[in-house]
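Colleague: I would like to know what the words used for this model rest on. Please set each value against its rule.

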Amino acid sequence: QVQLVESGGGLVQAGGSLRLSCAASGRTFSSYDMAWFRQAPGKEREFVAFINRSGGSTYHADSVKGRFTISRDIANYMVYLQMNSLKPEDTAVYYCAADVRRSFLNAREYAYWGQGTQVTVSS
């Protein structure tokens, strides 16, 4: 139904910035809520940010609020995560997800996932 491919990850020093992109393909992209999650080695997948179908409503986890910003370009099937003031604890594989069912905070509520992109923040 929907395929998601993340890009933009890399190695950055603490305090630096990165912008992640998620390219979507398939049908009815505009009808899906979207989110970013991340997963560090040995840890559970963690909610990062959410954006609704129209792009008019967003929510960011407390751990990234004020530093990260989620956005989307519906016409071009793109979702972005602008990451500023990066910290070493932001190091993780970042995943794009689509189609929330109930609670947008829970990874299990999303039907579609990308392959992930690695973000490493050095101190």
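What follows is a talk about the terms and the values behind them.

Colleague: What kind of model is this, and how are residues numbered?

Modeller: This is a predicted model, in which local features need pLDDT of at least 70, side-chain atom pairs count only at pLDDT 80 or more, and totals for chains, interfaces and linings use all residues. Residues are numbered from 1 along each chain as its sequence is written, and side-chain values use heavy atoms, with hydrogens and water left out.

Colleague: How many helices and strands are there in the protein chain?

Modeller: The protein chain has zero helices and eleven strands. Both are DSSP runs numbered from the N terminus: helices are H or I with at least four residues, strands are E with at least two.

Colleague: Why is the protein chain called as compact as a globular protein of its length?

Modeller: Its radius of gyration is 13 Å, close to the 14 Å that the globule rule gives for 123 residues, so the chain is as compact as a globular protein of that length. The radius is taken over C-alpha atoms, and the rule is 2.2 Å times the number of residues to the power 0.38. Along its principal axes, the C-alpha trace spans about 40 × 25 × 25 Å.

Colleague: What makes Cys22 and Cys96 a disulfide?

Modeller: Their sulfur atoms are 2.3 Å apart, and a disulfide is a pair of cysteine sulfur atoms within 2.5 Å. The pair therefore meets the rule. The count by this rule comes to one disulfide. The link of Cys22 and Cys96 is left-handed, with -85° about the S-S bond. It joins distant parts of the chain, since Cys22 is in strand 3 (residues 18–26) and Cys96 in strand 9, 74 residues apart.

Colleague: Are Cys22 and Cys96 buried or exposed?

Modeller: Buried means under 20% relative accessible area, exposed over 50%, and partly exposed in between (1.4 Å probe, protein chains only). Cys22 has 0%, so it is buried. Cys96 also has 0% and is therefore buried. Buried residues make up 43% of the 123 residues in the protein chain.

Colleague: Why is Gln1 called partly exposed?

Modeller: Gln1 has a relative accessible area of 40%, so it counts as partly exposed. Gln1 is in the segment before strand 1 (2–7). Gln1 and Gly26 are 25 residues apart in sequence and 5.6 Å apart in space, C-alpha to C-alpha.

Colleague: How do you know that Asp33 is buried, and what does its side chain reach?

Modeller: Asp33 has 6% relative accessibility, so it counts as buried. Asp33 lies in the loop between strand 3 and strand 4 (34–39). Its side chain reaches the backbone nitrogen of Arg53 at 2.9 Å. Leaving aside neighbours within four places in sequence, Asp33 is in contact (heavy atoms within 4.5 Å) with residues including Phe50, Arg72 and Val100.

Colleague: What makes Thr117 buried?

Modeller: Its relative accessible area is 10%, so Thr117 is buried. Thr117 is in strand 11 (residues 117–122). A polar atom of the Thr117 side chain lies 3.2 Å from the backbone nitrogen of Gly9. Not counting residues up to four places away in sequence, Thr117 touches several residues, among them Glu6, Leu20 and Tyr94.

Methods:
A polar contact is a pair of N or O atoms within 3.5 Å; within protein, one must be able to donate a hydrogen and the other to accept it, and residues adjacent in sequence count only if both atoms are side-chain atoms.
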